[in-house]
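Okay, thanks for coming, everyone. Let me put my chain up on the screen, and then I'll talk you through it.

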Amino acid sequence: MTDTTATSTSRATKALKRQVETQNETIGKLRERVSALNDEIASLRSEIANFQRRVQSDMTEVFEGMKQMNEKR
């Protein structure tokens, strides 16, 4: 291997190592973001379920009130 080829190979190797490091950092950030989004989705699902229970309770009260009003007539 000539000096020029060795130098070119060394430069290419260093460039590839830098690229791999950069990609690893990017992948790490993306994993963190996905994890945060999963947490947010779980929270939203919980809030939606709670909202549904409250609406159901409110609607039950409304219908019971209407039923009592009709019985008094």
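This is a predicted model: local features need pLDDT of at least 70, side-chain atom pairs count only at pLDDT 80 or more; totals for chains, interfaces and linings use all residues.

Residues are numbered from 1 along each chain as its sequence is written, and side-chain values use heavy atoms, with hydrogens and water left out.

So, how many helices and strands do we have? The chain has one helix and zero strands (DSSP runs, H or I of at least four residues for helices, E of at least two for strands). That helix, α1, covers residues 3–72. The C-alpha atoms fill a box of roughly 105 × 10 × 10 Å along the principal axes. The radius of gyration, over C-alpha atoms, is 31 Å, while a compact globule of 73 residues would be near 11 Å (the rule is 2.2 Å times the number of residues to the power 0.38).

Now, what share of the residues is buried? It's 0% of the 73, where buried means under 20% relative accessible area, exposed over 50%, and partly exposed in between, with a 1.4 Å probe and protein chains only.

Is K14 buried or exposed? K14 sits in the helix and counts as exposed because its relative accessible area is 51%. V55 is also in α1, but V55 is partly exposed because its value is 35%.
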